[in-house]
Amino acid sequence: MRMIAAFVAPLVLVAAMPAAAQDHAQHETQTPAPDPHAGHEATRSPQPTPAATGDAQANAADLYFDPTLMARAREQLITENGGMRTHAIIVERLEAGFDDDSETYAWHAQGWYGGDTHRFWWKSEGEGAFENELEDAELQLLYSRAVTPYFDLQAGVRQSYLEGEDRTDLVLGVQGLAPYWFEVGAAAFVSAEGDVTARAEAEYDLRLTQRLILQPSAELNFAAQDIPDLDIGAGFTDAEVGLRLRYEFSRRFAPYVGVEWTSALGETRNIREAFGEDTQSTRTVIGLRALF
């Protein structure tokens, strides 16, 4: 009985199919007739696809959708994935310092506005003694362009107040992240009087825990010539080394304590010693690091 059913079932199904369906099934199962042009097709080059033609679009979607709308969509995609404008204000140091002779204050802040490649940067720093006037301060306004994924080239102007004298300098520098996560920066300054100076600085965040961070830092300054108005001699002029331990209640708020050593160097040290000035000092610092 099973053999009979297996033989009869296909006949019943064919009989039950509509005529159009039967014709289609018969057409699908027939062996196609030989193509009289088959020999020529073997030597004919394949028809080019849209992507292979000289008129091909740079984006395949433009072949099927309005290129104007697709251009807007791609622009929006770029904006949402790296092309947006961002900004930040970083107060690296806002601190008070204490040594045997004085109590001082200092700040070091910077910020930016722009995209991943082009940004406007500003930098400000200064220091003074609580019982005296401001000793020195500066403000830099810079155009910054990313030249590698980790470094920016910066150029602009610096307005500074040094020992009672206002000075204006052109600035050319580089800033970024060196291997092993060292944050580094270097800049050359050319004053309106033609004096050439330079500065290099570096710092590193050593995470003792997720919130407790030890930060060593160093700064070295250089002058290409003597600058009598500022008691500066040619060569390396001064160095600053610090060690700060901060606790991050959050990335935006981190108080710290530390120690900082500063010293005049080379010819600058000799000049200042001749005037009876202190050429080096060590002070304890307490302060706040903030991010906005």
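Below is a short chat about salt bridges in a predicted model.

Q: How many salt bridges does a search of the whole structure find?
A: The search finds 21, a salt bridge being a side-chain nitrogen of Lys or Arg within 4 Å of a carboxyl oxygen of Asp or Glu. The model is predicted, so local features need pLDDT of at least 70 and side-chain atom pairs count only at pLDDT 80 or more, while totals for chains, interfaces and linings use all residues. Residues are numbered from 1 along each chain as its sequence is written, and side-chain values use heavy atoms, with hydrogens and water left out.

Q: OK, which residue does E193 pair with?
A: R167, with the closest N and O atoms 3.9 Å apart. E193 sits in the loop between β7 (182–191) and β8 (196–203) and R167 in strand β6 (residues 165–178), so the pair ties together parts 26 residues apart in sequence. Strands are DSSP runs of E, at least two residues, and helices are runs of H or I, at least four, numbered from the N terminus.

Q: Is R167 buried or exposed?
A: Buried, at 7% relative accessible area, whereas E193 is exposed at 54%. Buried means under 20%, exposed over 50%, and partly exposed in between (1.4 Å probe, protein chains only).

Q: Switching to helix α5, where do R269 and E273 lie?
A: Both are in helix α5 (residues 266–274), four residues apart, about one turn of the helix. R269 is partly exposed at 30%, and E273 is partly exposed at 42%.

Q: And which residues do salt bridges that share partners join into one network?
A: R93, E95, E127, E240, R244, E260 and R283.
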